[in-house]
Amino acid sequence: MTWKALLALGACMTMVPTVGVAQREQPPEGGEPRDFRLPEKDTFQLPNGMGVTLVPYGALPKVTSTLVVRVGNVNETANQVWLADVTGDLMKEGTTSRSAEDVARAAARMGGELGIGVGMDQTTLSLDVLSEFGPDAVRLLADVVRNPRLPGSELARIQADQVRRVSIAKTQPQQIALERFRKVLYPDHPYGRVFPTEEMLRGYTVEDVQRFHAANFGAQRAHLYVVGRFDAGTMKAAIRQAFGEWKKGNPPSINVPHPSSRRAVHLIDRPGAAQSTIYLGLPVVDPSNEDFVTLFVMNSLLGGSFASRITSNIREDKGYTYSPFSSISNRFRDAYWVQVADVTTDVTGPALQEIFMEIDRLQAEPPPAAELEGIQNYVAGTFVLQNSSRNGIIGQLSFLNLHGLPDSYLTGFVQKVHAIAPVDVQRVAAQYLRDEDMTIVVAGDREKISEQIAEFGEIMN
């Protein structure tokens with residue numbers, strides 16, 4: 001995530017008592033929570049500094065190879081927003097020895113499709129193929145990352161596609177609010193630059209892309225994860241042959257932000273809007289901090305799950321919104337907590353009141369043990385389910401690597417979640433969700449909502 005998002009899982013059941021219906025049997029009590037078991041893995045480093053992790057996993061004859069490179073939007077300057085994305089797209093257009101069609105056909109023959117994803121901190125190249133083609137997939141990934149053609153003939157098309165993406169995003173109130181929220185928290189950092197201008201996008205040259213690739217893609221920034229069914233000896237030989245001569249390149253750049261937040265309301269006028277989009281949050285500790293797991297559980301109880309308090313309040317009880325959610329968004333040595341909701345225009349102020357009321361209530365008193373237990377079961381259960389796949393395992397191992405965490409973070413996660421006490425949840429809510437430092441962004445009809453939101457802080461345009 002990003003890597004960029006938090007999954008919500010839940011079910012809503014309505015039971016209407018009926019005369020003459022026998023009492024329903026109670027479901028059996030759940031069993032003891034099981035810890036997540038990380039499969040045995042083999043991790044080593046090539047002489048050029050590239051890391052490799054091999055994980056035999058599963059029964060299906062499939063193997064996923066994912067190369068994670070420490071380069072992303074964080075490596076852009078203020079005048080290069082989305083240059084990393086343009087570079088990622090242009091890397092799909094073939095290598096010095098294969099056309100884009102050749103790359104696509106080679107991946108298809110293996111039963112897969114090349115994927116390249118660009119995030120804030122990392123770029124990933126991935127292939128999921130039949131096991132017999134695992135070594136070939138590794139060689140194809142190496143060719144794409146080491147020898148990209150980066151053809152100027154395709155740049156205008158890619159720029160046009162990116163311009164369209166920005167244009168569409170700028171019509172969506174949640175994207176507009178997110179852009180303002182991030183800009184306020186990170187005014188002078190790449191994490192605060194969500195969208196480029198059209199002029200910026202169209203101004204990139206193929207030489208800009210070539211320089212960006214040369215400066216940021218190299219062996220010592222890369223880690224290859226191979227998960228699935230494969231022959232270890234053959235796979236290691238293919239990896240060393242494909243990546244062994246890759247130049248070390250530059251070491252990862254470290255650009256840790258210093259986000260700021262103060263209580264104010266940043267109003268984005270959308271005349272005639274039937275809804276107001278609310279972003280409310282502030283910086284919190286990142287995954288390397290010992291409080292992060294407790295903070296994660298607290299978020300799930302407060303607003304980050306279907307059964308959470310804010311969701312129950314402004315969705316189920318009040319009907320102000322359909323799908324509110326809160327999350328902890330994290331990057332390298334950085335994170336923020338945010339509550340998001342699209343609410344009916346005439347209840348913008350009341351919705352904010354209820355959100356702050358739920359925050360204050362959790363800060364004032366610990367949650368009941370039974371409520372916390374339900375959230376703990378949800379967090380632990382979804383954690384294990386989400387990591388029960390090849391891609392899930394790769395995602396978690398990459399998460400550990402980015403944040404410098406030990407394997408015990410994964411293997412002890414379920415146990416740590418269930419060891420959290422109600423007073424722990426209350427403590428992190430009081431310590432990190434400080435009302436007086438909340439940044440509030442509201443995208444809505446100024447004429448109809450300005451009076452409603454005036455009590456929540458100085459209104460900023």
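Author: Two strands pair if DSSP finds at least two bridges between them; strands (E, at least two residues) and helices (H or I, at least four) are DSSP runs numbered from the N terminus. The model is predicted, so to speak for local features we ask for pLDDT of at least 70 and for side-chain atom pairs 80 or more, while totals for chains, interfaces and linings use all residues. Residues count from 1 along each chain as its sequence is written, and side-chain values use heavy atoms, without hydrogens or water.

Reader: Which strands stand at the edges of the open six-stranded sheet?
Author: The pairing in this sheet is mixed, and the order reads 9-10-8-11-7-12.

Reader: What is the bridge partner of V265 in strand 12?
Author: Strand 7 (residues 264-269) and strand 12 run parallel, joined by two bridges. Look along strand 12 for the partner of V265 and you land on I459.

Reader: What angle does helix 11 make with strand 8?
Author: Helix 11 (residues 348-364) packs on the sheet, in contact (heavy atoms within 4.5 Å) with strand 8 (275-284), strand 10 (334-344) and strand 11 (439-444). Directions here run N to C along lines fitted to C-alpha atoms, for helices over the stretch in contact, with angles from 0 to 180 degrees. For helix 11 against strand 8, that gives about 30°.

Reader: How many charged residues does the contact of helix 11 with helix 17 have?
Author: These helices pack at about 35°, their axes 8 Å apart, with helix 17 spanning residues 446-453. On the helix 11 side you'll find T348, G349, P350 and L352, facing I449, Q452 and I453. Counting Ala, Val, Leu, Ile, Met, Phe, Trp, Tyr, Cys and Pro as nonpolar, Asp, Glu, Lys and Arg as charged, and the others, Gly among them, as polar, the contact has four nonpolar and three polar residues, and charged ones number none.

Reader: Which residue takes a positive phi in the hairpin of strand 1 and strand 2?
Author: Strand 1 (residues 42-45) and strand 2 (residues 51-56) run antiparallel with four bridges. D42 partners L54, and Q45 stands opposite G51. Five residues lie between the strands, and the one with a phi near 100° is G49.
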